[in-house]
Amino acid sequence: MPVADEHGNGSGPRPPVPGRRGWSAGVPAEAHPALAAAASAALDAYTAATAEHDPAALAAVVAEGADGTPTMRIDVLVENAILAALSSHPINVLSEETGWVDNGSALTLVMDPVDGSANAAAGVPLSAFSAAVAEDGVFTEALTVWLDTGRSWWAASGVPSRLRTTGRTTLTGAAVSLLRPHPANPGAAAAWWEVARRAARVRILSTSCLEGALVAQGATDAFADAATDTHRLVDIAASVVLAESAGGAVRDVFGRAIGLDTDLTKRWSGIVAATPHLADELAQVLREAYHSRPAPPA
């Protein structure tokens, strides 16, 4: 529900409550106004949607997103609320379902209204709103909000961050979050299992934006898509700012640059890691395992 502002009105960004290790509860007051408005709208819309609809209704496919993938009702409900909240902010928008909205601004908000839609629809409390602000094509600020709890992670370029990664530099013994293995893709399956073999702990949370924020916080050492090219820009844009501000790094398994691009059909195999050294090692391990897969039988 909306939070009262200084005049007692039920609107405005939610006040931040300082937390441990860089995260807060609520939308940070220092966030860009458009970023804050989008996050607040997402929280309110998600709360209303999950209260008013059952899992089947939330999971129902009601459209096709700009990236060509199915759009669930929960995605539409939350994205529509965000776009309405952004109508008074002169900023371009690149969003998972609607795609590119050009408002002639030097600023662009790259956002995933509900990352982990399947979790959200089913009632699994692991989904997030996530967005990054790009100025003249360069990511400068990011905010990820855990929709079930309101916990938030914010960072901006040139602003000292309370976020700190674990600082781990090697894969052996690391705690790593991964997207699910793909047995139908032999190369990706080999890559997934090679990382799992070397790591001390593997988690599958099915929400890339939240997993990237946890790397920036220092709750886990790394997160990766094991060479499946699943990530769209909206899945990893915020992590570029969050992780790098905390001492970490973001890479693509196959070495492709991660920057502003309005084509949501483009894909990456993203890596978010505690240090550049760990990110580079993960990329090398995944790439080599992917390319060394056994040849199919003749």
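Are arginine 232 and glutamate 96 buried or exposed? Select the two and check: both arginine 232 and glutamate 96 are buried, where buried means under 20% relative accessible area, exposed over 50% and partly exposed in between, with a 1.4 Å probe and protein chains only.

Before moving on, some ground rules. This is a predicted model, in which local features need pLDDT of at least 70 and side-chain atom pairs count only at pLDDT 80 or more, while totals for chains, interfaces and linings use all residues. Residues are numbered from 1 along each chain as its sequence is written, and side-chain values use heavy atoms, with hydrogens and water left out.

**Stop 1: the salt bridges**

Stay on arginine 232 and show side chains. Its side chain meets that of glutamate 96 in a salt bridge, 2.5 Å from N to O; the term stands for a side-chain nitrogen of Lys or Arg within 4 Å of a carboxyl oxygen of Asp or Glu.

Put together, Glu96, Arg232 and Asp235 are linked in a network of salt bridges. Aspartate 235 counts as buried because its relative accessible area is 5%, and arginine 232 is buried because its value is 11%.

For another pair, select arginine 251 and aspartate 280, whose side chains meet in a salt bridge at 2.7 Å, N to O. Arginine 251 lies in strand E14 (residues 249–252) and aspartate 280 in helix H8 (residues 276–291), so parts 29 residues apart in sequence are tied together. Arginine 251 counts as partly exposed, at 28% relative accessibility, and so does aspartate 280, at 39%. A search of the whole structure finds nine salt bridges.

**Stop 2: the largest pocket**

A pocket here is found on a 1 Å grid over the protein atoms alone, as an open set of points where a 1.4 Å probe fits, with protein on both sides within 12 Å along at least five of seven lines; lining residues have an atom within 4 Å of a point. The space inside comes to about 660 Å³, counted as what is filled by probe spheres set on grid points joined across faces, edges and corners.

Zoom in on serine 117, in helix H4. Serine 117 is buried, at 12% relative accessible area. Leaving aside neighbours within four places in sequence, serine 117 is in contact (heavy atoms within 4.5 Å) with Met72, Ile74 and Asp75.

Next, click serine 206, in the loop between strand E12 (201–203) and H6. It has a positive phi of about 65 degrees although it is not a glycine. Most residues other than glycine have a negative phi. Serine 206 counts as partly exposed, at 43% relative accessibility.

**Stop 3: the loop between E13 and H7**

Alanine 227 is found in this loop, and its phi is also positive, near 65 degrees. At 4% relative accessibility, alanine 227 counts as buried.

Step back to alanine 226, in the loop between strand E13 (222–224) and helix H7 (233–245). Alanine 226 is buried, at 2% relative accessibility. Beyond its neighbours within four places in sequence, alanine 226 is in contact with Ala188, Ala191, Trp192 and Leu286. Draw a distance to glycine 116, 110 residues apart along the chain, and the C-alpha atoms are separated by 18 Å.

Note on methods: Helices (H or I, at least four residues) and strands (E, at least two) are DSSP runs, numbered from the N terminus.
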